[in-house]
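This report is for a reader who is new to the structure shown below. Please look over the sequence and the model before reading on.

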Amino acid sequence: MKRLARIAFLALALGFGAWVVVRQWDEIRDGFALLSWTSLTLSLVAVVAALCGGMMTWRALLADLGSPLPLRAGARVFFVGQLGKYIPGSLWPVIAQMEMGRELGVPRSRSAAAFFLTLPVQLGSGLVVAGVTLSATLPGSVAPYAWAFLLIPVLAVAFQPRVVNAVLGFGLRRLGREPLERPLTRRGLLTALGWALAGWVAYGLHLAAIVADLDSGGSPGFSALSVAVFCVGAFALSWCLGIMTFVVPAGAGVREVAMVAVLAPVLDRGPAIAVALCSRIVIIAGDLLCAGLAGLAVRRAGGSRKDHASGKAV
């Protein structure tokens, strides 16, 4: 029964992911036609690194709450569960992670806490990264989004360990769940923030690799380094704006619109749209690649343990 439920979950997630691609296939095809294989490869490698940063953010929080998972097992739970973000509704990833984590001995409440803490950690760090990098490379480009940056001081206060633990305890009591055995610590939060920051840098490099091909005329007054730094902020800000729209699968559409607007000082509208769409498809490919590799790594590890056990039996 569990196997059938997992197959149904994967089929549904892949179906909605394919729908995102098919809906804008003509524009995506035109954009990819302008990209070199070198840029595509570099972009995909950077996306995989960024997704691993997100996984390590979640894994650091889960470990601090009392459930450290081995790297392979943690990657499988996170990456396969993350495919649920392509299904309409914001709860599919956490439901998948809770169920897969339970098979590894992680209480559902702990999985849910780690999931819901990961999003604000990424949101807060993303807004800080966007504010710093965009202001450093193009002062004034953040002005239209000043309202979003008002969340930074709110998140800074909310993410004091004492506040976080109080909120988690209240939420669990309201849901009739047992309280967490271990409170979140400052060290755990800082570790998670460090991984989140590394993820934003990798996402920015992913975007810069695409921009390098589509910005054929070169951005006036911008060096290659300035464009790369700008891309870090542009991606972080567009992701943050997309994640604020919880009803849209994986922020689909919202992130692309925001990215086109944020890239306006560097790219014309046509190339900016192509960049946003190509970025979306490379990220979908990265999600599928990470989920597949994580599942394969766990399966091979399981097979090796069985072989080892059978060898001992002989």
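## Basis

This is a predicted model, in which local features need pLDDT of at least 70 and side-chain atom pairs count only at pLDDT 80 or more, while totals for chains, interfaces and linings use all residues. Residues are numbered from 1 along each chain as its sequence is written, and side-chain values use heavy atoms, with hydrogens and water left out.

## Overall fold

The chain has 13 helices and 0 strands. Helices (H or I, at least four residues) and strands (E, at least two) are DSSP runs, numbered from the N terminus.

Of the 314 residues, 49% count as buried, where buried means under 20% relative accessible area, exposed means over 50%, and partly exposed lies in between (1.4 Å probe, protein chains only). The chain exposes about 15,500 Å², and carbon and sulfur atoms supply 68% of that area; accessible areas come from the Shrake-Rupley method with a 1.4 Å probe, and for residues only the protein chains shown count as cover.

Among contacts (heavy atoms within 4.5 Å) with a separation of 6 or more, 77% join residues 24 or more positions apart.

## Helix H6

Helix H6 covers residues 108-137. At 1.5 Å a residue, its 30 residues should span 44 Å, and the end C-alpha atoms are 43 Å apart, which agrees. The expected span is 1.5 Å times one less than the number of residues. In H6, 23 of the 30 residues are buried, so the helix is largely enclosed by the rest of the structure.

## A nonpolar patch

Leu 91, Trp 92, Ile 95 and Phe 116 make a nonpolar surface patch of about 370 Å². Patches are made of residues with over 30% relative accessible area and no salt bridge, with like charges joined within 9 Å and nonpolar side chains (Val, Leu, Ile, Met, Phe, Trp, Tyr) within 5 Å. A salt bridge is a side-chain nitrogen of Lys or Arg within 4 Å of a carboxyl oxygen of Asp or Glu.

Ile 95 belongs to helix H5 (residues 92-102). Ile 95 counts as partly exposed because its relative accessibility is 40%.

## A loop residue

Arg 177 sits in the loop between helix H9 (161-174) and helix H10 (186-214). With 46% relative accessibility, Arg 177 is partly exposed.

## Cysteines

The structure holds 0 disulfides, a disulfide being a pair of cysteine sulfur atoms within 2.5 Å. Cys 52 is in no disulfide, and the nearest cysteine sulfur, that of Cys 290, is 4.9 Å away. Cys 52 is partly exposed at 29% relative accessibility, whereas Cys 278 is buried at 0%.
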